[in-house]
Amino acid sequence: MNSKNFSKHSEINTVKIDDTFWNKVFETVRKDVIPYQYLALQDKIDNAEKSYCIENFIKAGKVCEDIRKGIEPATYPVDRWQYDENNSDKNAFHGWVFQDSDVYKWIEAVGYSLQNHPDKELENKANEYIDIICEAQLESGYLDTLYIINDRNKVFSNLKDHHELYCFGHLAEGAISFYNATGNRKLLDTACRFADLICRTFCEDKIKGYPGHEIAEMALVKLYEATGKKEYLRTAKFFIEERGKKPYYFDMERGKETVNDNYHYNQAHIEPKYQTEAVGHAVRGVYLYAAMADIAKAYNDAELFNACKSIWDNIENKKIYITGGIGVTVDGEAFSFDYDLPNDLAYAETCASIGLIFFARRMAECEINSHYADVMERALYNTVLSGMAEDGKSFFYVNPLEVLPIASKVDSRKKHIKPVRQKWFSCACCPPNLARLISSINEYIFTESDSTIYVNQYIGNHMTSDKADIHIKSSYIDNGKVSLSVKVNKPFVLALRIPGWCDQYNISENYKIENGYAFIAIKESCTINAEFVTEIKMIKCSNKVRANIGKVAVTRGPIVYCIEEADNGKNLQLLKLSNKPNFIYKDGNISADGFREQEDSALYSNYTSPNFEECNIKFIPYYQWGNRTENEMSVYIRI
């Protein structure tokens, strides 16, 4: 591991987005998604599943007030993952054990949005929530509404399942974002008090445990970077080093006498530095892997980074959908075995692709390799954008590659597959996660080392650094063209990523290709024009992927396309591309020559060559599917 190759991402306030494609997405999140989620957290969306989130903080604040007055609060059970009016007292905690995290992610999104677009009314709404949250913190610094409301005596008694450290992680990240936007330290101080308690509680001499659902590790690194307090970095490292050691902490906290060696779900089966394969719950996994990369970089730990590289290789080459989705199975929302990528059972949780982007950016900061930004791009333009409706008011939790609406309704194996986006979820991790990622997309365009600025994503923007001011004008999605106006402050090297999907490209300056980047020595102000020739392609899977034998996906640049019933009629499985499809790209969509196989009326019959009728097949970007009506959808098509 070579520390000379280390880089860091650009901060939001140094990159201002101005991009034909992304301006619309940004505005949808700012004007529609964030206000909609503000109401959802208060249970004010008609006919949507309840959140209970703000309700719980108000209840916890009253408990804290009673404690200060010397009044002993009631206690309630803390024995399940989800609580509602039917299984718990009206005064008890309601929702999933991780419900607090939803408002923290919303505040993080607000912080990023405010850095991009100051908005006093939105800032005031966030401050309302921050006041409610801070009133719910115990004197010790502890802040988790499940245990504050239901039973203070059982704090940190079930790290495996009950998500206190996960909620802390989102609290810290939300607090940092809001502080960076406003200078208001109230939530940041609250997060630091909780972090200080965690650092006092978890160490070699006290509790040698670690989170059941990772993210505290990443958040502690961020909190260290924001405050300079090294205890936070050391505790993040401690959590990673303790994970997977035997005897297993998750067994010990339950008082088990025998080892339960079934902790792949939590990525706690072996120590992270020895892990080589992506396993278990996909979101937990990529959150852990991102933190592993953080710690490997902070401590120049080659052994830990090599584990990250092995895990990355396993995901990129054996466990990722063409859309950038990961986590195949509904059972445990988990990675499956190598090359197991079914289309109609795919889980591909929106949060998992967001976590994959976190992992990719951190790997790119550790090592020069364009594959990291390629995967980041594929996930961003496909699964992530698919997770949100065009109006910003409904969402996909699961992102399948094939949908038959009747199967989603009557086949229990496919109940998780929704043919239309949902207004909200009782388990609503994905919508605010989307809002915070998209609002912070500025941080994913560049990485910067002492001598080099790397352009990882071709999104129109204006970037400032001590080396140069760079203005990118981009029509990348439409025609692959990018123009970079560079105003030099001092000589440096500019590295342009050559997209993995691109076979031909033209760059107006002399360059040297290394690890998928074109390196250009910049000594004086200039304009660099790049064109990445954008072709419509038919992409096949390895023949080890059983679901896609004899099928292809249609792509153009980073965009994966799909077919919908609304354009092509029912029974999409009967469609077949021509040997010479004559692809035509127009207004963002693709049309192609193909055939429709004649339907068989008999369930079984002697084999005869099928009859086909010529037809025109229309493809739309995958991220746009499901915005018109409930209907069939498929990414892969027969050839």
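Which residues in α1 meet which residues in α14? The legends below take this contact first, in a predicted model.

**View 1. Packing of helix α1 against helix α14.** F21, W22 and V25 are the α1 residues, and they meet L380, Y381 and L385 of α14. This contact divides into 6 nonpolar residues, with no polar and no charged ones. Helix α1 spans residues 20-40 and helix α14 spans residues 370-386. Their axes lie 14 Å apart, at an angle of about 25°. Angles under 35 degrees count as roughly parallel, and α1 and α14 are therefore roughly parallel to each other. The crossing of α1 past α14 is left-handed.

**View 2. The largest nonpolar core.** This core holds 209 residues. Within it, I315 and L494 have the most contacts. Helix α11, residues 282-298, gives the most to this core: 12 residues. A second core is separate and has 6 residues, among them A373, A495, Y517 and F519.

**View 3. Surroundings of L494.** Residues up to four places away in sequence are not counted here. L494 touches I453, V455, I470, L484 and V486, among others. Its contacts also include A518, F519, I520, I522 and I528.

**View 4. V533 in the loop between β15 and β16.** Strand β15 covers 526-532 and strand β16 covers 536-539, with V533 in the loop between them. V533 is partly exposed, at a relative accessible area of 23%. Leaving aside neighbours within four places in sequence, V533 is in contact with W501, C502, Q504 and N506. N479 is 54 residues from V533 in sequence, yet the C-alpha to C-alpha distance is 7.4 Å.

Notes: Residues are numbered from 1 along each chain as its sequence is written. This is a predicted model: local features need pLDDT of at least 70, side-chain atom pairs count only at pLDDT 80 or more; totals for chains, interfaces and linings use all residues. Side-chain values use heavy atoms; hydrogens and water are left out. Axes are lines fitted to C-alpha atoms, for helices over the stretch in contact, and angles run from 0 to 180 degrees between N-to-C directions. Helices (H or I, at least four residues) and strands (E, at least two) are DSSP runs, numbered from the N terminus. Angles under 35 degrees count as roughly parallel, over 145 as roughly antiparallel, 65 to 115 as roughly perpendicular and the rest as oblique. A crossing is left-handed if the near helix is turned anticlockwise from the far one by less than a right angle, and right-handed if clockwise. Contact means heavy atoms within 4.5 Å. Ala, Val, Leu, Ile, Met, Phe, Trp, Tyr, Cys and Pro count as nonpolar, Asp, Glu, Lys and Arg as charged, and the others, Gly among them, as polar. A nonpolar core is a set of buried Ala, Val, Leu, Ile, Met, Phe, Trp, Tyr and Cys residues joined through side-chain atoms within 4.5 Å. Buried means under 20% relative accessible area, exposed over 50%, partly exposed in between (1.4 Å probe, protein chains only).
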